[in-house]
Amino acid sequence: MARDPRSEVLDPHQVEAVHLYNRTIDGLFLMGQNPETGEDFSYRHGWIIDKMNQLFAHMCVELLTYGILSNHYHINVRTRPDIVAGLSDREVAERWLNTLSKKRDKDGKFKGPTEKAIERLMADAEKLEKCRTELSSCSHLMKQLNQYIAQRANREDEHRGSFWAGRYGSTRLVDDAALLSCTVYIDLNRIRAGLDQPFEQHDSTALGHRITDFLRQEYELDQVEAEAKARRHRFKLEGRRAQRCEALAEMQIDEGGDAVGSMRSDSGKRCSDKGFLPISFERYIELLKWTLGINQEGADELPAALRFSNVPSKIWLRMTNRFGELFGNIAGSLDSMADERKHVSGDGYYIRKQARLVLRT
């Protein structure tokens, strides 16, 4: 069944968690190593991270997690129109123009807009209002990201054809179970594909960066304790100096202790400092290991994070193994998906037969 128009699923005026993804043309290994020829484009992962750092620093969209493979990538985001609403006209103009920048300064950073360009945009009230909407739009985000990667790769390859197989795909995550399972699905994608060993520190997934940050913080507090945790979780200590994706959102949200509201970030690296999962990173790692079926202490005991989610273990494993197969425009429990309505028409969404079978058992 054909997907609904994007406007029926995603609304830049509402806070929404969304799974976004895209694939290369004909599944070619344009972002990794070709197993037949040995040609390796894995360095292009750095292009994606670099561009994401630029876009998420200026857009009002949070980067929750990401994974880059040889012929496709996934990201989970949360749109923040509530933060856009608090921006001045000048902030909107400056942020939006920054998302368009492709040229770099002498330090290799993307150049900011000129004062003249900012003033010209501020003087056009109609266009400025459109730009305000686009700052929390997944379509604007993906257009800038995909266009930049395709054009840069084509210049390098001296090629003029398509780089991506088509427009990006999207699935709105309508409840906490969908957000948690999709995050796990993305973080384990490269491991299940045989591209990584659990749990390596590398630049191709958010998980690799979070492990690096976790170890770095633990070393600052207690080196002995950090080494003990590294052994327990099978982390490799020698990689703790790996480069970080600066745009990544905080993982843990403390619903009792965090400030109420958007928690707008002053870092200049992301729009908000608010977390998105009600569990610690250590609890999250325990959930990942249990999902992979490794390192279980007491095989019959469910990890704490899964107990909190109230998702039966069999359904959980099917959701994290077959997320892309089960869900189309929206993802969540059967009740959550049945309650959702399309943004424009108000009709219910089509729920795939596979999802009805899996989520009902």
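The model is predicted, with local features needing pLDDT of at least 70 and side-chain atom pairs counting only at pLDDT 80 or more, while totals for chains, interfaces and linings use all residues. Residues are numbered from 1 along each chain as its sequence is written, and side-chain values use heavy atoms, leaving out hydrogens and water.

First, the pocket. On a 1 Å grid over the protein atoms alone, a pocket is an open set of points with protein on both sides within 12 Å along at least five of seven lines, a cavity is a set where a 1.4 Å probe fits but cannot get out, and lining residues have an atom within 4 Å of a point. The largest pocket is lined by 33 residues, and Asp175, Asp176, Ala177, Leu179 and Leu180 lie nearest its centre. Its volume is about 700 Å³, a volume being the space filled by probe spheres set on points joined across faces, edges and corners.

Next, the cavity. Searching the whole structure finds one cavity of 30 Å³ or more. The largest cavity has a volume of about 50 Å³, and its lining includes Asp187, Arg190, Phe199 and His202.

Last, the helices, which are DSSP runs of H or I with at least four residues, numbered from the N terminus. Helix 4 (residues 89-100) and helix 6 (residues 125-134) pack at about 70°, axes 9 Å apart. Helix 4 is therefore roughly perpendicular to helix 6, a term for angles of 65 to 115 degrees. Axes are lines fitted to C-alpha atoms over the stretch in contact, and angles run from 0 to 180 degrees between N-to-C directions.

Terms used:
Helices (H or I, at least four residues) and strands (E, at least two) are DSSP runs, numbered from the N terminus. Angles under 35 degrees count as roughly parallel, over 145 as roughly antiparallel, 65 to 115 as roughly perpendicular and the rest as oblique.
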